[in-house]
Amino acid sequence: MQTFEKIPFEIATKEVHIGGHKVDNVGLVAYDSEKEWPLSRVMGRSYKPFYNKQFQDLAMDMADSLELPEPEYTWNRDGDMVVATIQNPTKMRVGLGNDIDIENNIVLLNPHNGGAIKLGSAQTVIRCTNQESQIFGKVSISHSGNLDSKIAMFRKQFEQYNAYRKQLENNLNQLAHQAVSQSFAENFAYRMHGVKDEKFTDLSTRKANLVEQTINSITEECNDVGWNGFGVKNGISHFVTHKYQKGRNAATGNLFGQAYNLNAQATKMLNSELVEG
């Protein structure tokens with residue numbers, strides 16, 4: 001996906017009229033130097049926009065505070081989801097004999113569709129473009145109330161990034177040293193999709209296909225990196241990136257929606273069984 005050094009368009013609020021009468025709802029439009037785009041969203045009366053210029057300043061402050069390169073930006077076709085990515089040139093490393101390098105970049109989301117502003121981390125395993133994202137910190141900012149004070153809290157999360165990144169790297173190495181069997185991997189694929197042991201043979205066609213695709217992804221990854229927890233985790237990411245999402249959300253690394261939930265729930269379950277158990 002093409003990225004840009006700046007966001008070339010801005011948003012603005014606009015009065016909303018229904019049946020010739022003005023209502024209290026907030027209308028959002030996007031515009032650039034040449035034209036105003038069609039009215040894309042109508043929000044509630046308490047909606048507070050976070051403008052693209054403010055978002056660029058926030059992303060730049062984060063990059064500066066962590067001494068990282070300037071952010072790059074992308075957005076969807078309607079302009080109602082703007083993404084800033086801050087590349088971290090220092091790779092995380094998982095020691096498996098032949099060490100595996102993993103990109104770990106910061107991702108910020110600024111939705112103009114009612115969603116919350118989010119700060120996250122996106123991992124990409126270099127050799128196979130598997131992607132996984134996690135939200136770090138506890139601040140997810142809604143577009144309402146005192147937006148300035150919420151953004152101030154958001155900025156404090158920047159300080160946690162390096163500690164979070166080290167914690168993540170340690171966790172990946174812990175998983176890499178937990179051996180698993182083919183049987184464990186297959187049973188995990190069923191449980192990942194909410195299938196209990198006694199229901200293994202009583203599945204809908206769609207559910208059976210999801211389980212089969214997950215088993216294939218885990219098997220492929222474990223054959224490459226070893227039969228261990230890290231291989232299973234890569235199998236989860238491979239399934240979500242290439243099968244479940246089919247490469248969509250490449251810019252955000254699956255930082256929201258069902259793909260994010262599936263990744264997060266499966267990772268939590270895997271850690272519970274192999275690291276914490």
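This is a predicted model: local features need pLDDT of at least 70, side-chain atom pairs count only at pLDDT 80 or more; totals for chains, interfaces and linings use all residues.
In the hairpin of S4 and S5, five residues lie between the strands, and Gly-79 there has a positive phi near 75°. Strand S4 covers residues 72-75 and strand S5 residues 81-86, and the two pair in the antiparallel sense over four bridges.

Residues are numbered from 1 along each chain as its sequence is written, and side-chain values use heavy atoms, with hydrogens and water left out.

Next comes an open sheet of three strands in the order S1-S2-S3, paired antiparallel. Its edge strands, S1 and S3, each pair on one side only. Direction ignored, neighbouring strands of this sheet are turned by 35° against each other on average. S1 and S2 are joined by eight bridges, and Val-16 has Val-23 in S2 as its bridge partner.

| S1 | 10-18 |
| S2 | 21-31 |
| S3 | 41-43 |

Now to the helices. H3 and helix H6 (residues 229-244) pack at an angle of about 115°, with their axes 5 Å apart. That makes H3 roughly perpendicular to H6, a label for angles of 65 to 115 degrees. The axes are lines fitted to C-alpha atoms over the stretch in contact, and angles run from 0 to 180 degrees between N-to-C directions. Leu-172, Leu-175 and Ala-176 in H3 meet Gly-229, Phe-230 and Lys-233 in H6, where contact means heavy atoms within 4.5 Å. By class, this contact has four nonpolar residues, one polar and one charged.

The largest pocket holds about 370 Å³ of space. A pocket is an open set of points on a 1 Å grid over the protein atoms alone, where a 1.4 Å probe fits, with protein on both sides within 12 Å along at least five of seven lines; lining residues have an atom within 4 Å of a point. Of its twelve lining residues, Gln-167, Leu-168, Asn-171, Thr-267 and Asn-271 lie nearest the centre. The lining has three nonpolar, seven polar and two charged residues.

Methods: Grid points are joined across faces, edges and corners, and a volume is the space filled by probe spheres set on the points. Ala, Val, Leu, Ile, Met, Phe, Trp, Tyr, Cys and Pro count as nonpolar, Asp, Glu, Lys and Arg as charged, and the others, Gly among them, as polar. Angles under 35 degrees count as roughly parallel, over 145 as roughly antiparallel, 65 to 115 as roughly perpendicular and the rest as oblique. Two strands pair if DSSP finds at least two bridges between them.
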